[in-house]
Every structure is written in structure tokens, then in C-alpha cells.
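This report describes helix packing and nonpolar cores in one protein model. Please consult the sequence and the coordinates alongside the text.

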Amino acid sequence: MRYALIGCGRISPNHIAAAKANGLEFTGICDIDREAMKEKASGFDLGEVPQYTDYREMLEKERPELVAIATESGKHAAIALDCIEAGCNLIIEKPIALSLADADAILKAAKEKGVKVCANHQNRFNKSVQKIREALEEGRFGRMFYGTAHIRWCRDKNYYEQAKWRGTWEQDGGALMNQCIHNIDLLRWMMGDEVEEVVGMTDQLNHSYIEAEDLGLALIKFKNGTYGIVEGTTDIYPKNLEETLYLFGEKGTVKAGGQSVNKIEEWRFADTQEKSEEVIAEFGENPPNVYGFGHTPLYADVIDAIQNDREPYVNGEAGRRALELVLAIYKSASEGKAVKLPLAECSTMDFKGRF
């Protein structure tokens, strides 16, 4: 399958490694930074892969079947729409877009063109998360009560200076949109997806040089009667502490932790299908960074979805739901009141000047 990558920055090595592991044919890579492209091409032994600074030219000349978009978040939507118009299937790094209007435009165009769109929420493929999801779908929790997502990470001034778009409302958003959206996606997915209302608070405590928040807190009421709590920050000293997901049910309690919810740390169920210590030992991974090992199985799933004309495991609608929940938290924090879902329209740009 002919493959191309747009964006050769911080996350691109995971995409390149996943594409290679799945036997994709590299037809082009693209970035406005020529040095970044050269570095990735040589570092991953991509040979004489064509390198472009204009993705439209690459789409026209190379005609890829599958494109991964790994640029700054604010450019995802425009690039995605051009790729869809060219007939390309897509893997879009999180978030799928920065406004609901753009997300809806992507979904509408993809449906009209008959191409697949995957939102790159790779943590859904973690061994730990898959095991938890299996227990949930089997009904082992009984009635679900509530779940919590904690993202306690560190991002210092050097991180933001590496790329000027980071922390801006136009191209990024803050801690919730950039660093925390993966776990927010997991929480919404596990707790039934349909949200009734959100109460949020956000603040900028330690990053006066960015536009957006470095702390976000939220209470979520789901339509099925369950609840969710989100705590996300980039203020942790001196380095990343943890990313954890708790699920509490009538007959089950689970905690997934580690750098990126990649380890099961608590496994307690009323039934006795397996020993807790065996599950904890078997369903844990130790990735070298917070990106984990999920890109490779995510790519495998998208390739299979294209070949068998089915929806990807993490489709565009899933990406929209994660975006909507973050925007709802922003909106509630900005307005100082509970926000009902679904949202008709909302964008990160609605909060420009907030801090």
C-alpha cells in the first residue's frame, strides 16, 4: 500500500516505525523543514524516498493510498480535506481538528469520497487498555459508577521554544488538548461515550509564555448515569509523573498507570476468572516514552480497514468526540457554568485571550 507522511516533527518517528513494521511502501515524506525530512529519511533508512516541502505537490505526483498527518494541530483539518479530495485514506494525529466545524467537514468529505479516517488515539491499542475494554464489554464491572483520568506531566519552557505553535489557541490549545486528550478519549470511551454535561476549570499557573492552560480539571456526567473526573496538567516537577485511568464499578475496580496507561496496577473483580497478579504481570508494557507502542497496531488496523472496507477501530467520529469533550471543558471554564452536550459549535479560537 502506497504511503506518505506529512509532518516530520516530534511524533513522526512513531509513524515511520509503524509504517515500516506494517510493510507500507513509502512514496513520499513532507515537511517545510528540509533538515527534519533528511534526518528522518536517513535515520530510518528510507533510501531515496521523495521529499517534499509542498504536500499538495506530493499528493499530485505520488498518489498515496494512505497518508498520515503529523503536523501542528491547527493545520490538521485543511491538510486532511486536501488529502480526502485526492482520494487518500487518513491517519490524523490527535486532535483530529481544533474546531467542531472542521471535524465535521472532515467526516462529511470522507463519507462522500468513500475513504477511511482514523484518529490517532493509539493508547486504545495498549495491552492494558485492551484487557480492560474486554472486561468492560463482558460486563464484569456490573453497573459502572465512575471513572477518573489523571495526566500528571511536565512540559518546560524548552519544550515550547522548540516549536512556536505549541500552547497557542490557533495551532494547539493547552495541556488538555495536547497532552491529555488521549486519556480523555479513553475515559469517554470506557464510560459509555454519551456525555450529558461538563463542569470544568482551567488555569495557567506556571507557563506565562504560552496562550493556553497548563491545568485543567473537570467533572463529567454521562447520559448512562455514570460520572467522570479529569485532572490534567503540565506543571509537575521535575519530570512526567504518571498517566492513570481508574474505573470503578459495582463488581470491579481497575487502575491502569505507568507513563501512558500502559500498565495494569490494580485488577479486582468479584468473579475469579484469573488471578490479579497474573493479569498485572501479563498486561503491562514499559515503553521508552509517553507515546507507547500503540502506533504499530493502529496502523495494522487501518490497513485492514481499508482492505476490507470497514471502519477503523478508532475512527474519525471517535476523534471528534474526544475533541468535543476537551472543548466542552474549555467552554465551561470560560463561562463559569455547566455546559450541556452535544455542542453545536466550538473552537479553540473561541478562547483566545482567556489568560
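In which hand, left-handed or right-handed, does H1 pass H11? The crossing of H1 with H11 is right-handed. The structure discussed here is a predicted model.

## Packing of H1 and H11

Helix H1 (residues 12-21) and helix H11 (residues 295-307) have axes 8 Å apart and pack at an angle of about 55 degrees. The two helices are therefore oblique to each other. On the H1 side, the contact is formed by Asn 14, His 15, Ala 18, Ala 19 and Ala 21, and on the H11 side by His 295, Thr 296 and Tyr 299. Four of these residues are nonpolar, four are polar and none is charged.

## Packing of H3 and H4

The axes of helix H3 (residues 55-62) and helix H4 (residues 76-85) come within 11 Å, crossing at roughly 20 degrees. That angle makes H3 roughly parallel to H4. The crossing of H3 and H4 is right-handed. H3 contributes Tyr 55, Arg 56 and Leu 59 to the contact, while H4 contributes Ala 78, Ile 79, Asp 82 and Cys 83. By class, this contact of H3 with H4 holds five nonpolar, two charged and no polar residues.

## Nonpolar cores

The largest nonpolar core has 78 residues, of which Val 67, Cys 83, Leu 90, Ile 132, Phe 141 and Leu 327 touch the most other members. Helix H12 (residues 316-335) supplies the largest share of this core, eight residues. Leaving aside residues up to four places away in sequence, Ile 132 touches Phe 141, Met 190, Leu 247, Val 254, Ala 256, Ile 264 and Trp 267.

A second, separate core comprises 29 residues, including Leu 5, Ile 16, Ala 19 and Ile 91.

Key: Residues numbered from 1 in each chain as written. Predicted model: local features only at pLDDT ≥ 70, side-chain atom pairs only at ≥ 80, totals over all residues. Heavy atoms only, no water. Axes fitted to C-alpha atoms, helices over the stretch in contact; angles between N-to-C directions. Helix = DSSP H or I, 4+ residues; strand = E, 2+ residues; numbered from the N terminus. Parallel < 35°, antiparallel > 145°, perpendicular 65-115°, else oblique. Left-handed = near helix turned anticlockwise from the far one by under 90°. Contact = heavy atoms within 4.5 Å. Nonpolar A, V, L, I, M, F, W, Y, C, P; charged D, E, K, R; others polar. Core = buried A, V, L, I, M, F, W, Y, C linked by side-chain atoms within 4.5 Å. Buried < 20%, exposed > 50% of the residue type's maximum accessible area, 1.4 Å probe, protein only.
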